[in-house]
Amino acid sequence: MAPSLEDNINNKSNSIAAAVAGGGIIGDEMTTRVTVVGSGNWGSVAAKLIASNTLKLNSFHDEVIMWVFEEILPTGEKLSQVINRTNENVKYLPGIKLGKNVVANPDLESAVKDANLLVFVTPHQFMEGICKRLVGKIRADAEAISLIKGMEVKREGPCMISSLISEQLGINCCVLMGANIANEIAVEKFSEATVGYRKNKEIADKWVQLFNTSYFAVTAVQDVEGVELCGTLKNVVALAAGFVDGLEMGNNTKAAIMRVGLREMKAFSKLLFPSVKDSTFFESCGIADVITTCLGGRNRKCAEAFARNGGKRSFDELEAEMLQGQKLQGVSTAKEVYEVLRHRGWLELFPLFSTVHEICISRLPPTAIVEYSEHTPKYSLVGGPAQFF
Ligand SMILES: NC(=O)c1ccc[n+]([C@@H]2O[C@H](COP(=O)([O-])OP(=O)(O)OC[C@H]3O[C@@H](n4cnc5c(N)ncnc54)[C@H](O)[C@@H]3O)[C@@H](O)[C@H]2O)c1
Ligand SMILES: O=P(O)(O)OC[C@H](O)CO
């Protein structure tokens with residue numbers, strides 16, 4: 001039988017007591033403290049995963065702090081207070097107990113100040129503002145990991161979210177991506193995930209230890225950019241899959257979208273970062289995330305509704321109605337990718353990526369996703385020089 005929460009707490013305090021009695025120095029101040037910055041659908045599941053491990057592992061402090069972007073619920077109560085009273089994120093992950101050692105904190109500065117490990121998991125559009133608020137407020141020796149699938153485009157060019165965190169906060173930042181639909185992991189269905197790290201394998205192993213469970217199998221690869229770009233770009237492919245679902249085009253068409261999408265993901269990643277490894281596309285963050293996201297993700301679902309409505313209802317409207325506060329990442333990512341492609345003169349190399357954005361902004365109808373024209377070959381799935389990468 002799996003150990004209960006109480007068993008884990010008792011086992012852990014017994015081993016700490018034994019270590020102290022035996023002259024070991026496992027004291028409260030010696031343990032690693034974890035803060036999760038974000039408390040949406042995936043943020044809440046990440047906190048649950050981590051909290052189950054901090055209870056079991058002596059090197060971690062039991063308590064996991066989860067920063068909550070405060071909201072007032074329809075009942076008039078504060079979300080953070082309800083999470084702490086019920087141990088559930090009633091808005092973003094209803095029905096799932098997070099673990100009694102997850103503590104919601106709406107004060108960003110106090111949530112991060114003692115953390116040795118910072119787990120960033122908010123929608124990507126909020127990260128620039130969050131980083132600005134965190135400058136000078138975190139431990140200088142903190143390590144970070146980003147679970148965020150998205151990027152920013154600045155005047156100097158594209159900036160991955162892990163780089164934004166590293167550059168603004170002056171800390172190392174790994175990434176964790178994968179075929180990870182949060183609601184499935186919340187009910188402990190088996191998934192895999194990929195940690196991307198830059199140089200330090202020891203810190204990558206620490207992250208694997210923090211996230212790995214019997215139902216969440218984590219592998220580390222030395223390719224931050226490759227892993228993060230897979231997680232980011234698959235959301236554009238998911239929109240294309242949703243369009244063909246909305247057009248009722250069937251499985252063969254959707255498989256074609258996945259194949260061409262993966263090819264463009266690889267080409268785009270390698271053009272931006274030649275160090276990106278081919279093997280990364282065969283990890284959970286690559287092919288597996290393309291498949292799960294094109295079958296069951298939120299981007300796919302909203303894009304299907306968009307195409308069914310002939311593009312007449314905007315993504316903002318559909319997101320608000322269908323996701324109730326959760327956020328799509330694909331529409332803004334498609335725009336950001338398009339800006340990079342246009343700026344670098346690569347639009348014709350990436351027919352799928354560029355067409356998705358043009359459909360999202362209603363410059364093209366949803367049917368353009370599979371149309372072939374001799375005159376405008378960039379709107380075709382067939383060909384596209386991205387195949388040569
Ligand atoms: N949900 C999933 O299945 C899943 C799985 C893997 C990765 N991800 C990625 O994780 C990241 C976070 O996704 P999520 O599902 O946890 O979030 P979500 O889609 O549930 O987003 C809602 C969150 O955004 C917060 N928020 C709203 N306005 C804000 C503001 N102005 N500033 C800061 N926060 C604000 C809300 O409080 C809430 O916590 C995304 O990049 C997503 O692509 C999600
Ligand atoms: O629901 P989506 O479309 O944001 O995708 C969720 C995860 O990224 C799938 O791995």
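Around ligand 1 of this predicted model sit 25 residues, with Gly40, Asn41, Trp42, Ala182 and Gln326 the closest; a residue counts as near when its C-beta atom, placed from the backbone, lies within 6 Å of the molecule. Residues are numbered from 1 along each chain as its sequence is written, and ligands are numbered from 1 in the order in which they are written. Since the model is predicted, local features need pLDDT of at least 70, side-chain atom pairs count only at pLDDT 80 or more, and totals for chains, interfaces and linings use all residues.

Helix H2 (residues 41-56) gives the largest share of the ligand 1 shell, three residues; helices here are DSSP runs (H or I, at least four residues), numbered from the N terminus. By class, that shell holds 10 nonpolar, 12 polar and three charged residues (Ala, Val, Leu, Ile, Met, Phe, Trp, Tyr, Cys and Pro are nonpolar, Asp, Glu, Lys and Arg charged, and the others, Gly among them, polar). Both domain 1 (31-222) and domain 2 (226-388) give residues to the shell, so ligand 1 lies between them; the domain bounds come from an automatic or database assignment.

Notes:
Helix = DSSP H or I, 4+ residues; strand = E, 2+ residues; numbered from the N terminus.
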